[in-house]
Protein chains: 2
Amino acid sequence: MGNTDFECVHSVVIPPPQPFLKSLKNNLKETFFPDDPLRQFKNQPPAKRFILGLQYVFPILEWGRKYNLEFFKADLIAGITIASLAIPQGISYAKLANLPPILGLYSSFVPPLVYAVMGSSRDLAVGTVAVGSLLTASMLSDVVNINDNPTVYLHLAFTAALFAGLLETVLGIFRLGFIVDFLSHATIVGFMSGAATVVSLQQLKGILGLSHFTHATDVVSVMRSIFSQTHKWRWESALLGCCFLFYLLVARYVSKKRPNLFWISATAPLISVILGTLLVYLTHAEKHGVQVIGHLKKGINPPSIMNLEFGSQYLSTVIKTGFVTGIISLAEGIAVGRSFAMFKNYHIDGNKEMIAFGMMNIVGSCTSSYLTTGPFSRSAVNFNAGCKTAVSNIVMALSVMITLLFLTPLFHHTPLVVLSSIIVAAMLGLIDYEAAIHLWHVDKFDFVVCMSAYLGVVFADIEIGLILAVGLSVLRVLLFVARPRTFVLGNIPDTGIYRSVDQYPNTNNVPGILILEIDAPIYFANASYLRERILRWIDDEEDEIKSSGNSRWIDDEENEIKSSGKTSLQYVILDMSAVGNIDTSGISMFEEVKKIIDRRGLKLVLANPCGEVMKKLNKSKFIDTIGHEWIFLTVGEAVGACNYTLHTSKPNLASSDELKKCSSNV
Amino acid sequence: MGNTDFECVHSVVIPPPQPFLKSLKNNLKETFFPDDPLRQFKNQPPAKRFILGLQYVFPILEWGRKYNLEFFKADLIAGITIASLAIPQGISYAKLANLPPILGLYSSFVPPLVYAVMGSSRDLAVGTVAVGSLLTASMLSDVVNINDNPTVYLHLAFTAALFAGLLETVLGIFRLGFIVDFLSHATIVGFMSGAATVVSLQQLKGILGLSHFTHATDVVSVMRSIFSQTHKWRWESALLGCCFLFYLLVARYVSKKRPNLFWISATAPLISVILGTLLVYLTHAEKHGVQVIGHLKKGINPPSIMNLEFGSQYLSTVIKTGFVTGIISLAEGIAVGRSFAMFKNYHIDGNKEMIAFGMMNIVGSCTSSYLTTGPFSRSAVNFNAGCKTAVSNIVMALSVMITLLFLTPLFHHTPLVVLSSIIVAAMLGLIDYEAAIHLWHVDKFDFVVCMSAYLGVVFADIEIGLILAVGLSVLRVLLFVARPRTFVLGNIPDTGIYRSVDQYPNTNNVPGILILEIDAPIYFANASYLRERILRWIDDEEDEIKSSGNSRWIDDEENEIKSSGKTSLQYVILDMSAVGNIDTSGISMFEEVKKIIDRRGLKLVLANPCGEVMKKLNKSKFIDTIGHEWIFLTVGEAVGACNYTLHTSKPNLASSDELKKCSSNV
């Protein structure tokens, strides 16, 4: 039976008590500053610290000094490329948010400039996003009718952007960025796919040339709205829409196959807009059922700080809208920034980025912009176009400014159906069914989370989908702790190693000893469960010994102990290696289990409790109850000690001196 | 350096894939049936199963057959004892709930009978509780004024009891009892102490003989209410109250010191009531400012099923009241039942008990009873009085019935101040400051949870205190997962054991190898954190090696490798023993970490991933990315393999054949 003879036992150390404030400080530091952002400030003179601090808040001061002409050439090309995407996309998304199209351009002018100064990503391209736009529309239209009160609606959109920005800034300043982590990968896949589906369906309004349409976003309402007015469908519009959609999808397909042809896809929206506008202008199609954008005001962003609306009638909705859209757009922006940073091997401080996003939205909300973030599609184009720094955002902003100042009249005849095609083409790329299939293969629970987000968004409501998915994700974490797994361990032949019998089928049981591993912290949420479960394991083991007529035992030690009292279970060893922490409910549970085990004539033994657990067991005096000599460094040593006392025919009586022969060595 | 020479390496097994439905079934079973309640039904003929099923629902069928005269004698004494406690307590708590005093007696008649048939605890004594009564009063008085609409208020109290019962039954049937576990020990200590404080303060109304009093429960409102009417304080009432309170506290003190004198404390309330009533009757004190109960209707519980109130005006409040009081009283009842079961070494199925509590409240709500559960004080008296089975509840119910039928006129002159004294005396025993001090010593976070429950209840509101404490407890679980600890491991001298350097200060670092242990499952909530943290550990290690001039390395292997390239960090071993699970976000994190580590010229090695993790790594093909030969069964073997390749001057090139010499053995 194994090779862990009872030679030498190492004792488990109780870590020295730490002053309360020191351990509190350490805990807070790990919670809020896991990436140690202030590392570079250490051991610096005050002047240097000030400069470093300025550079921390405004990274442009750092990279600006090293900026050169070569960088500028690359950024210029990238900037113009993303501007050609930003202008049509901006107008489209503003329509999606039920806002005047010009707002899409305003939002691509001021916010990118703010980000260029404060952001630390070199690849992120700033702009509005489809999901944020749709969320703004669907949440705000609950309290104000866009047709009755377009001005109030507009002001609420600015105010929502302000609250989104405030939330982002506050989260960043208080280092609460990890809240965004609670939007798991699975949640985001499902949520984005669902939102893309919903947005695409909404575009049927534009493509079919309908003028009345539901404000609801769920698929049932949208379908009902479409099929209740089949007589109003305009074939001219639909034909135009399908052609442009086809062109855009082909362009994307080509660019995907050949990344160096990225510009085909990047410029396709602008080309579509130009072609569509020309077509309408030449054929006067606006008189044949093709709706056009109409008049766009010339001039750059007017200030909107006086338009912010804090009336109590709308306040709660506006705050809610701001918070939800803020978190969602933050999640997208941070993920995008982080991905490209990993590609190019530089580091991004998530919390710092949040402050940049927040300031960008706060300044934006005062200058007639609505919610902006770092959308994936635009940033990918920026990256492929070879951008070097955030200067590409400045170039984009200046291009948009020129458009705003001089070119807006050109969009007068742009057909809405082209904008719808642009949105649909962008959205179809977001429906990531391959990722969902991958989730199904790797992790069923993640798949459920993903699908609940998708179905919630598509069939109920964007918020409901999100709440459902986040709720399920959190439930999973709670369930992991509430229902920890317990494994029976066995000995891997010819070693002192003990592993789960389920995972390693060729392990051997140790006669008379039940070894259990618990794989979660022992908290209030699982204390009752673990008590039941440990006792059930003991019952099972005793039943098995009874029913098997002690055969396993006899195999091992044929002559000596046949059918003596010792064949039965004597020791329960709990392997605590994976128990990261314990609370007072957990300690009470241990006390109860110890009592019950004692009453059954068994002995409770602990193996490898970690420092935190040892501290708590010590403070609660449970170590004295169980006996320090019954706590071992490894399962192997615990088994060795148990076997020793089992064979010296005085179970439970081995003195601690005997047991700890060389514990003083450690 | 250690004794783990590179001799033999065991491979980590990927558990065989399980059919999806089977693993789902297993998971559901562990989640909802951890105690395997249907074990006894296995392998039984249908007729036997039916009988077992009946006995499961109505335990009286099981223990009733073995009932004998000796048991009955014991139960008779216990039953009469708890009846003498139940009658004055019932009347007091009904007053606390702003309900007619007679309801306290009704509630001690029908519900105990139901519990006697369906409950599985032998020691639980059923009745109303102070906290539940106060909660009912404070939540219902939000929607209906007790003085204007006493009938509506009464009907709402019945309806709330119905919803409490429905919730309890549903939780029990769907095996959701673990929801109660989320009320941690610390939460309950704080909440109960807070509620007891609030209830005691409320009694100042009765003791000072005030007729107008605030309905708010927070200490500020209560104090303001008391000191705003100092001119109405009645010294007669106050004197009487203090005398009785003193008597009750002395009685409890005596019983606590000498458990065999339990009856002194158990009968003290009844004696107080008798003495108080006689005093008032003889002195006509009711004409001198001492308020009395007044007329009590004769006769047993009238049916109240037609009085249940489902009007939409009150429905949401009533449901909320029912759910909150139901959960709270469930937590108390289950904990009490379980404690006494542990004392007497019998087993209680928590979910089964919930159904019994639920039915008791449902039947109660139809027979003019309000919320009942198994209060600790009464059950402790029952236990001390030597009860054997739930027959003591039947005896109590019958005693209450006799009281209802014949003795109610005797309570006409019972002074309210005595009832207040009884409540205060009971409540002072619930303020468990010693437990709070214990929490502070053992677990600071539990102390914070406890204090937030206490302060929330005392200064804000009972519900707020509860929500705060449960929220903090859940946050703790989430934080454990969101911010897992990572430890650097070192070698314990002369062994192959690797343990945390912090806990075991005499461990040795292994040159060129960084060994990290992660002590939580790797989920979306901590994936970003762990990526940052692992990279920071690597940075720290490399900084240290640089700054120490490789001294540690040179110590070990003085001649060979001095100042060669190899002195730097080469391997990062992640000890996965405590990583119970991983989700897709975690796997993405690993992929990123692997890329970054590769780019730095380091090698990522895993040690001892558990079955669940191996499955996921395999399905996501990450095993192929990392190389199956770089996953080891123990840290010792991983270190051995790394050292081997480190010394054969071909790092990262050892073939898998070389590494897995004897992996086929396992």
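1. In this predicted model, Arg175(B) counts as partly exposed, because it has 19 C-beta neighbours inside 10 Å and a residue is called buried only from 20 or more. Arg175(B) belongs to the loop between H8 and helix H9 (178-181) of chain B. Its phi is near 55°, a positive value in a residue other than glycine.

2. A positive phi is also assigned to His284(B), about 50°, although this residue is not a glycine. His284(B) is placed in the loop between helix H14 (262-283) and helix H15 (312-344) of chain B. Is His284(B) buried or exposed? It is exposed, since 10 other C-beta atoms lie within 10 Å and the limit for that class is 12 or fewer.

3. Ala160(B) is part of helix H8 (residues 150-173) of chain B. With 32 other C-beta atoms within 10 Å, Ala160(B) is buried. Leaving aside residues up to four places away in sequence, Ala160(B) touches Thr136(B), Leu140(B), Val318(B), Thr321(B), Gly322(B), Thr325(B) and Leu371(B).

4. In chain A, how do the axes of helix H8 (residues 150-173) and helix H15 (residues 350-366) cross? They come within 7 Å and cross at roughly 155°. H8(A) is therefore roughly antiparallel to H15(A), the angle being over 145 degrees. The crossing of H8(A) and H15(A) is left-handed.

5. The residues that bring H8(A) and H15(A) together can be listed in part. On H8(A) they include Phe158(A), Ala161(A), Leu162(A), Gly165(A), Leu166(A), Thr169(A) and Ile173(A). Among their counterparts on H15(A) are Asn351(A), Met354(A), Ile355(A), Gly358(A), Met359(A), Ile362(A) and Ser365(A). By class, the contact of H8(A) with H15(A) comprises 12 nonpolar, 9 polar and 2 charged residues.

6. Helix H25 (residues 611-619) of chain A has as its buried residues Val613(A), Met614(A), Lys615(A), Lys616(A) and Leu617(A). Just after H25(A), Lys621(A) adopts a positive phi of about 65°.

7. The contact between the two chains takes 70 residues from chain B and 70 residues from chain A. Which helix gives the most to the side of chain B that touches chain A? Helix H22 (residues 462-482) of chain B does, with 8 residues. That side of chain B has 31 nonpolar, 20 polar and 19 charged residues.

8. Chain B is superposed on chain A by a rotation of 180° with 0.0 Å of shift along its axis, at an RMSD of 0.1 Å. This is the relation of a two-fold axis. Ala578(B) is the residue of chain B that comes closest to the rotation axis, its C-alpha lying at 2.0 Å. Both copies use the same surface, as 100% of the contact residues of chain B recur in chain A.

How values were computed:
Residues are numbered from 1 along each chain as its sequence is written. Chains are lettered from A and ligands numbered from 1 in the order in which they are written. This is a predicted model: local features need pLDDT of at least 70, side-chain atom pairs count only at pLDDT 80 or more; totals for chains, interfaces and linings use all residues. Two residues are in contact if their C-beta atoms, placed from the backbone, lie within 7 Å. Helices (H or I, at least four residues) and strands (E, at least two) are DSSP runs, numbered from the N terminus. Ala, Val, Leu, Ile, Met, Phe, Trp, Tyr, Cys and Pro count as nonpolar, Asp, Glu, Lys and Arg as charged, and the others, Gly among them, as polar. Axes are lines fitted to C-alpha atoms, for helices over the stretch in contact, and angles run from 0 to 180 degrees between N-to-C directions. Angles under 35 degrees count as roughly parallel, over 145 as roughly antiparallel, 65 to 115 as roughly perpendicular and the rest as oblique. A crossing is left-handed if the near helix is turned anticlockwise from the far one by less than a right angle, and right-handed if clockwise. Copies are superposed by least squares on the C-alpha atoms of residues with pLDDT of at least 70 in both.
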